[in-house]
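Hi everyone, thanks for coming. Let me put the model up on the screen, and then we can walk through a few places in it together.

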4 protein chains.
Amino acid sequence: MEGAPDLAAVQARLKRFRDERDWAQFHSPGNLAKAVSVEAAELLELFLWVSPGDEDEVTASRREEVEAELADVLIQCLNFANATGVDVLAAVNRKIDDNEERYPVEKAKGSARKYTDL
Amino acid sequence: MEGAPDLAAVQARLKRFRDERDWAQFHSPGNLAKAVSVEAAELLELFLWVSPGDEDEVTASRREEVEAELADVLIQCLNFANATGVDVLAAVNRKIDDNEERYPVEKAKGSARKYTDL
Amino acid sequence: MEGAPDLAAVQARLKRFRDERDWAQFHSPGNLAKAVSVEAAELLELFLWVSPGDEDEVTASRREEVEAELADVLIQCLNFANATGVDVLAAVNRKIDDNEERYPVEKAKGSARKYTDL
Amino acid sequence: MEGAPDLAAVQARLKRFRDERDWAQFHSPGNLAKAVSVEAAELLELFLWVSPGDEDEVTASRREEVEAELADVLIQCLNFANATGVDVLAAVNRKIDDNEERYPVEKAKGSARKYTDL
């Protein structure tokens with residue numbers, strides 16, 4: 001592989017990692033959904049009790065942890081995609097299509113309201 | 001862009017989506033970490049009260065929801081990366097490097113134990 | 001206080017703990033909701049990668065951790081109630097009333113389906 | 001029952017609710033830990049994209065939802081306690097004992113730092 005790694009290469013690497021350890025048996029959709037939630041909370045924990053004005057400082061001073069926790073969430077998402085055959089980029093693009101309809105620029109601009117309240 | 005979309009194109013699309021709506025003001029690291037957790041729980045909810053033997057059936061019969069909830073987690077992770085400048089694929093690859101050290105094949109094979117207990 | 005502690009005594013103790021440390025400033029509803037989620041995930045983590053048949057064994061062998069993590073979730077819930085003035089037992093009883101309507105015995109018996117699917 | 005309901009009465013009511021519906025079969029520790037996390041995220045969702053200055057307004061204007069979501073977290077915690085035999089108030093009191101040691105008033109006063117950083 002030359003140049004920057006792409007997402008497909010990373011997913012292939014995760015599949016290899018899993019299979020070398022005979023871990024497909026643990027990678028059920030329900031287990032991986034649990035893992036995604038657990039890792040998401042570890043990312044959130046880095047910002048617990050941090051006031052909004054200090055978040056950038058935390059992001060800088062604890063950079064390695066922030067990157068590692070974000071990576072853990074992504075890894076479990078990609079494990080989930082590998083286990084269920086979801087095409088990640090296609091699913092994300094479809095969801096952005098939906099969001100473009102739910103949040104038309106003229107209504108959503110500058111507003112944090114949920115689409116059901118727009 | 002020709003062929004399949006790549007991750008960089010999706011991240012650029014999310015940045016455009018955010019900026020057209022003037023939403024960067026809401027995309028602080030702490031808010032996005034909250035969003036990742038909330039979306040992760042919505043993915044988990046699809047498998048709540050589902051017995052392990054029925055998970056594949058749920059993944060098939062509720063396919064659209066499964067894909068949409070996984071996409072929502074990924075979108076908030078990518079928004080977080082856009083807001084903080086984390087290089088997603090590099091971070092994931094570094095974490096897989098770490099996991100290869102923590103979980104050597106000969107010790108981890110077929111075991112669900114945490115690396116601290118191996 | 002004689003006999004077993006009651007919930008009101010525990011809530012009073014948490015209020016005292018908070019005020020002695022001048023922590024009311026951190027106990028905003030949003031921060032406490034984050035804390036509830038983070039603690040909930042730590043409870044969940046104890047059962048991550050544990051097969052259903054081994055859960056009782058984990059509950060027994062890691063008893064202290066299980067109790068401590070459950071306690072942490074409850075403490076943040078009670079901190080939230082203290083901060084917002086929610087009457088915990090009244091709120092729980094009202095929600096059980098609702099659930100009795102949503103899940104009538106004759107329809108819900110032995111079924112794990114959500115009330116919207118009954 | 002006269003006067004205010006106590007926690008033991010609420011736990012007994014939840015046990016009855018569960019058994020009338022033959023739901024003990026679904027109330028494994030792992031399933032209930034999942035349910036606690038899912039409900040915690042629904043509480044968190046009420047404060048997603050809400051700026052700190054608007055949290056009290058949300059707590060007031062969406063009072064019923066706030067109470068219902070907090071109640072849902074507590075109900076799943078109490079279901080967990082019922083399923084595993086944890087004495088909720090004793091566990092909470094033990095954890096507050098620990099926290100008193102971890103966060104001595106003179107060190108923790110006015111600080112949001114984790115005890116490992118004090």
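Let's begin with D97(D) and R13(C), which form a salt bridge with their closest N and O atoms 2.6 Å apart. By salt bridge I mean a side-chain nitrogen of Lys or Arg within 4 Å of a carboxyl oxygen of Asp or Glu. This pair joins two chains, because D97(D) lies in helix α5 (residues 88–102) of chain D and R13(C) in helix α1 (residues 7–20) of chain C. Helices here are DSSP runs of H or I with at least four residues, strands are runs of E with at least two, and both are numbered from the N terminus.

A quick word on what you are looking at: this is a predicted model, where local features need pLDDT of at least 70 and side-chain atom pairs count only at pLDDT 80 or more, while totals for chains, interfaces and linings use all residues. Residues are numbered from 1 along each chain as its sequence is written, chains are lettered from A and ligands numbered from 1 in the order in which they are written, and side-chain values use heavy atoms, with hydrogens and water left out.

The cut-offs are under 20% for buried and over 50% for exposed, with partly exposed in between (1.4 Å probe, protein chains only).

Now look at E100(C), which forms a salt bridge with R13(D) at 3.1 Å between the closest N and O atoms. This pair also crosses between chains, from helix α5 (residues 88–102) of chain C to helix α1 (residues 7–20) of chain D. E100(C) is partly exposed, with 36% relative accessible area, and R13(D) is buried, with 14%.

Over on chains A and B, a network of salt bridges links R13(A), D97(B) and E100(B). Chain A also has a salt bridge between the side chains of D19(A) and R18(A), at 3.0 Å from N to O. There D19(A) is partly exposed at 43%, and R18(A) is buried at 12%. How many salt bridges are there over all chains? A search of the whole structure finds 36.

Finally, how do the two copies relate? Chain B can be laid on chain D with an RMSD of 0.0 Å by a turn of 180° and a shift of 0.0 Å along the axis, superposed by least squares on C-alpha atoms of residues with pLDDT of at least 70 in both. That is the relation of a two-fold axis. The same surface serves both copies, with 100% of the contact residues of chain B recurring in chain D. If you want to find the axis on screen, look for A41(B): of the residues of chain B, its C-alpha comes closest, at 3.1 Å.

Conventions: Contact = heavy atoms within 4.5 Å.
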